[in-house]
Amino acid sequence: MKKYKWLVPTLYILFLMLPIYWLINMSFKTTTEIINTYSLWPREFTTENYVKIFTDSTWYMGYVNSITYTVFNTVISVAAALPAAYAFSRYKFLGDKHLFFWLLTNRMAPPAVFALPFFQFYSSVNLFDTHIAVALSHCLFNIPLAVWILEGFMSAVPKELDETAYVDGYSFNRFFFKIFIPTIAAGIGITMFFCFMFSWVELLLAKTLTATEAKPIAATMTRTASTSGYELGLLAAAGSLTIIPGAIVIYFVRNYIAKGFAMGRV
Amino acid sequence: MNKTINQKAWFFVVPVFVLVAFNAAIPLMTVVNYSFQETFGNNVFAWEGTRWFKQILLSERFHDALGRQIAFTFIILLIQIPLGIGIALTMPKKGWGVPVCLILMSMPLLIPWNVVGAMWNIFALPDIGFLGYSLNAIGFDFNFTQQPGDAWFTTILMDVWHWTSLVVLLSYAGLNSIQPAYYQAAEIDGASRWATFRYIELPKMKKVLTLAILLRFMDSFMIYTEPFVLTGGGPGNATAFLSIDLVKMALGQFDLGPAAAMSLIYFFIVLLVCWVFYSLMMKNEVKS
């Protein structure tokens with residue numbers, strides 16, 4: 001039985017790759033070929049769909065917008081979560097447990113519940129259709145997550161580290177930035193990975209809060225599908241391209257994923 | 001770890017508190033506001049008391065959506081958790097296979113949700129999709145845009161495809177934290193493979209598994225984008241889960257009062273289940 005153990009993950013990965021392959025396969029076909037024939041690989045290989053995306057600004061700006069607010073959100077979430085996670089992991093203070101659970105409840109709030117009020121709220125403060133609005137709204141679920149993961153990593157660092165540093169005459173700021181942050185660098189990496197991931201894949205809020213200036217690529221796709229007929233090839237090409245940023249990010253954190261999951265209790 | 005009491009720690013929490021409160025409290029209050037009032041546009045409101053809540057709680061539409069939601073969440077948990085554990089157990093523990101498995105398995109997690117829906121739509125179409133075409137070719141009458149059963153099958157398969165990896169990664173991390181000494185002890189005692197799993201691996205994975213169930217419960221209970229793109233809630237209302245039904249009511253029909261009341265009931269259900277889980281998790285943590 002041990003000999004055939006590799007079969008299970010292999011079959012699973014095959015199952016994961018099939019729909020992705022099909023999407024990429026479609027993206028290299030012409031629209032007529034997609035509609036008229038069923039084929040396992042493109043008969044008339046074309047890169048027309050990709051050329052269209054890279055030359056039409058409504059398409060490629062979608063990617064720029066998505067990446068912009070995702071990066072904003074990752075930076076804001078981690079920067080705000082770092083001191084908070086430190087406080088939760090090191091100190092007891094009035095209402096700490098309630099505050100922690102309250103933070104987590106926001107990770108549990110269905111975005112559908114918040115879509116409409118968000119729209120009204122961000123419109124009233126004149127932030128509608130800006131990158132920062134989407135980045136701030138994604139903080140709703142990313143900050144609680146970031147605090148949760150970072151707190152796990154920080155609690156794994158013995159408190160003696162802090163105490164030794166103070167005995168050695170380090171000020172708090174110097175200790176925090178020179179010693180503590182490098183110690184939990186892996187944890188920060190994992191946290192950024194998760195913030196990036198959840199901000200990148202979310203669509204409901206991003207779509208509700210934008211119109212033209214900050215429209216994410218995912219929304220461009222749904223709108224194009226409804227306005228200019230059903231161009232499956234183009235849609236498939238755009239979809240295939242959205243996989244790339246995620247794949248790059250995974251490649252960078254590959255060594256930390258398993259460890260990060262365990263320590264950071266994600 | 002024994003923590004020091006320090007009220008000044010609040011200063012560290014202030015940025016997070018402000019950012020989340022800004023995002024959570026204000027919209028939530030808007031929802032609460034709507035849920036008790038009738039609006040005629042132009043910011044004219046009339047007090048309605050608990051009418052919307054009663055209406056929602058007694059409406060068949062809500063019962064149906066909730067029933068579908070519970071069935072969906074239950075089915076995907078039942079498939080994903082055992083499958084995820086199984087795959088994690090058979091994954092390589094060292095060598096080149098580890099990064100390959102981790103990278104490939106994480107892929108579905110990082111694809112935008114509407115792309116997941118679109119991808120499965122293309123994949124399952126009965127005439128040009130690989131899945132739909134193959135199923136029809138071997139004799140099944142498969143068409144997820146017409147038949148509710150097929151729509152359910154496709155939605156569940158899509159969710160299994162999308163999220164099982166999360167359970168795998170979590171279980172794998174849990175398994176990796178087990179010291180080799182435990183396995184050696186089990187071998188000396190002549191424990192069977194099942195006994196090793198039942199008495200060593202499963203208890204060690206308890207923490208991450210609770211977390212996996214919690215995360216999968218929350219996210220599947222909130223599922224919106226993927227089934228919306230895949231089936232649009234159809235055929236009919238067959239796959240209209242809670243979020244889909246809610247958005248239809250709020251943005252489609254602009255019934256703000258009932259939609260707000262439904263949001264609050266919805267949020268309350270999620271909160272209740274998560275609170276139970278969270279308490280269990282914390283209890284376990286204190287014990288260990």
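## Basis of the description

A residue is called buried if 20 or more other C-beta atoms, placed from the backbone, lie within 10 Å of its own, exposed if 12 or fewer do, and partly exposed in between. The model is predicted, so that local features need pLDDT of at least 70 and side-chain atom pairs count only at pLDDT 80 or more, while totals for chains, interfaces and linings use all residues. Residues are numbered from 1 along each chain as its sequence is written, and chains are lettered from A in the order in which they are written.

## Chain B

Of the 288 residues in chain B, 40% are buried. Chain B holds twelve helices and three strands, these being DSSP runs numbered from the N terminus (helices H or I, at least four residues; strands E, at least two). Its C-alpha trace spans about 75 × 70 × 30 Å along the principal axes.

## Where the chains touch

Contact, defined as C-beta atoms placed from the backbone lying within 7 Å, links 74 residues of chain B with 79 residues of chain A. On the chain B side, helix 1 (residues 10-35) gives the largest share, 13 residues.

Strand 1 (residues 91-92) of chain A pairs with strand 1 (residues 4-5) of chain B in the parallel sense over two bridges, where pairing requires at least two bridges found by DSSP. Within this arrangement, A:Tyr91 stands opposite B:Thr4.

## A loop residue in chain A

A:Lys159 lies in the loop between helix 7 (131-155) and helix 8 (160-167) of chain A, and is partly exposed because 15 other C-beta atoms are within 10 Å. A:Lys159 and A:Arg90 are 69 residues apart in sequence, with 7.7 Å from C-alpha to C-alpha.

How values were computed
Contact = placed C-beta atoms within 7 Å.
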